Amino acid sequence: MEYFLLPDKSFSAVADQRMNNKTVKRLWNSFTLTKGEICFEKGEEFTFRSGLVLLPTLPQGKEYVLSVSENGIAIVGRDYGGLMHGFMSLLMKIEQNGDGFRIMSVYEESGYAISNRMIHICVFPENDLYFIKKLIRLSALCQYTHVVIEFWGMLRYDCLKELSWPHAFTKAQAKELIDECRELGMEPIPMYNQLGHATGSRLCYGKHVVLDQDPGLQRLFTPDGWAWDINSPEVFSLLKQVRTELYELFGPGEYVHLGCDEAYFITRNGELRKNLALYLGKLTREAQAEGRRPMLWMDMLLERGAFPNCYTVGEKDEVALLRNSMAGSTVFVDWQYECVETPIPSLVSLKNCGRDVIGAPWYNEQNYSAHVQTVRDNAMYGIMLTTWHTLKEHMPSIPGCAKKLGAKFFTWSDYSGLQEETATLLRRVSFEGNSYSNCGWSKQQIDF
């Protein structure tokens, strides 16, 4: 067996100049157990090379190609994201060798089942900035392509201060998250729910980020506070201001996620319900005019009871109208958490509408496996793994789903378990060091 032996301390590479950032350098240092450093010289776009090797030819349809021999290392990516996915696979191959490190000779082409591999991360008031940074770094190691970031009352807006809790992240802090996404080759996607979930809080705890700070703003919401008042020009203007601030913060990008799920009061109120198509049409066309492809959750646009084990709340005579009302570029994102067999019928139904469709599973292995297979077999647009509030127990679902999508992991993966591997990955992205409470994925081992 041949190996490329890494130098004792400093390792040099000629690479795409975007790789010359502190996040990539810290990853190299962590995968060499804090003993190694990497320095970069400017090279060709979408490439990484070290040693006496030639750059391999990227096969058609592949995101990256990786070649390691005793003479050196070379990676070619389809784009910067593809280059970084190959780099993540390279990091996983670093082995300790006595006092040094080595990488086994290999030729590898990417083998992802689906091109758009997204993850949805929620920022709750109980999350600190370091936890979210580690989630983003973990997502990069797992070779996701996009990160949807939803701030649940945890981003300070200029347009209305009550949209955030007092201890919410500043825009400068949030920008740290966005910058790391880009440095690691992932596109950050802004999200703000512009229909239901207007509380900015989980319903089961009764909190409301706006009304608990200023009850006088009730006019912006349905009487129960759960949804935005879709008949209010003031609401429409406010949500546009929110989107504008998010675009400025996130920078250039293809998408914006508008949420638009679980608007219970509106679905039960005939007068509001008949205006929903007009609202969604206007909302999505505005987002499209702003240069973004709008993404929407689909539970409001699926016929109630039409698909076994699928969550649906749309009325039979209105779902076609709702779907057709939306801007042509709208991406349909269908979250279904009870489906464990393929094909998932709601996904197939949406694909037959002629739209780009993303399947959105949660933490259950059977659930995300069924989504991946359904999306792959039906040539759908992508996968968006959702995480919500359950990462305390279910963080291993992030690499678990990534494996189903074809991501490459440690050479020892087949001999270990998903929890052990996830713990190792988290240690590799804990650049700033860990206290007892922020190592692993739970702050404590015993619930009192």
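1. Leaving aside neighbours within four places in sequence, Gly251 is in contact (heavy atoms within 4.5 Å) with Arg182 and Arg292. Gly251 lies in the loop between helix 5 (233-250) and strand 13 (255-257); helices (H or I, at least four residues) and strands (E, at least two) are DSSP runs numbered from the N terminus. Thr47 is 204 residues away from Gly251 along the chain, and the two C-alpha atoms are separated by 24 Å.

2. On the basis of the note: this is a predicted model, in which local features need pLDDT of at least 70 and side-chain atom pairs count only at pLDDT 80 or more, whereas totals for chains, interfaces and linings use all residues. Residues are numbered from 1 along each chain as its sequence is written, and side-chain values use heavy atoms, with hydrogens and water left out.

3. An open sheet of six strands has the order 3-2-4-6-5-9 and mixed pairing; two strands pair if DSSP finds at least two bridges between them. Strand 3 (37-42) and strand 9 (106-109) are at the edges with a single partner strand each, so one side of each lacks a neighbour in the sheet. The twist averages 20° from one strand to the next, where axes are lines fitted to C-alpha atoms, for helices over the stretch in contact, and angles run from 0 to 180 degrees between N-to-C directions. Four bridges link strand 5 (residues 64-69) to strand 9 in the antiparallel sense, and Val65 has Glu109 of strand 9 as its bridge partner.

4. Helix 1 (residues 22-31) touches strand 2 (10-15) and strand 3, and its direction makes about 140° with that of strand 3. Helix 2 (residues 80-92) touches strand 4 (47-51), strand 5, strand 6 (72-77) and strand 9, and its direction makes about 35° with that of strand 5.

5. An open sheet of three strands has the order 1-8-7, with antiparallel pairing. Its edges are strand 1 (3-5) and strand 7 (94-97), each with a single partner strand, so one side of each is left without a neighbour in the sheet. Neighbouring strands here are turned by 40° against each other on average, direction ignored. Strand 1 and strand 8 (residues 100-104) are joined by three bridges in the antiparallel sense, and Phe4 is partnered by Ile103 in strand 8.

6. Strand 16 (residues 357-360) has Val357 and Gly359 pointing one way and Ile358 and Ala360 the other, and all are buried (under 20% relative accessible area, with exposed over 50% and partly exposed in between, for a 1.4 Å probe and protein chains only). Strand 15 (residues 331-335) runs parallel to strand 16 and is joined to it by four bridges. The chain passes from strand 15 through helix 10 (residues 345-351) to strand 16 in a right-handed β-α-β crossover; right-handed means that, with the strands pointing away from the viewer, the path from the first strand over the helix to the second runs clockwise. Strand 16 also pairs in the parallel sense with strand 17 (residues 382-386) over two bridges, and Ile358 has Gly382 as its bridge partner there. Together with helix 11 (residues 365-377), strands 16 and 17 make a right-handed β-α-β unit.

7. The axes of helix 13 (residues 397-404) and helix 14 (residues 418-428) come within 9 Å and cross at roughly 105°. Helix 13 is therefore roughly perpendicular to helix 14 (65 to 115 degrees; under 35 counts as roughly parallel, over 145 as roughly antiparallel and the rest as oblique). Pro399, Gly400 and Lys403 of helix 13 make the contact with Leu418, Glu421, Thr422 and Leu425 of helix 14.
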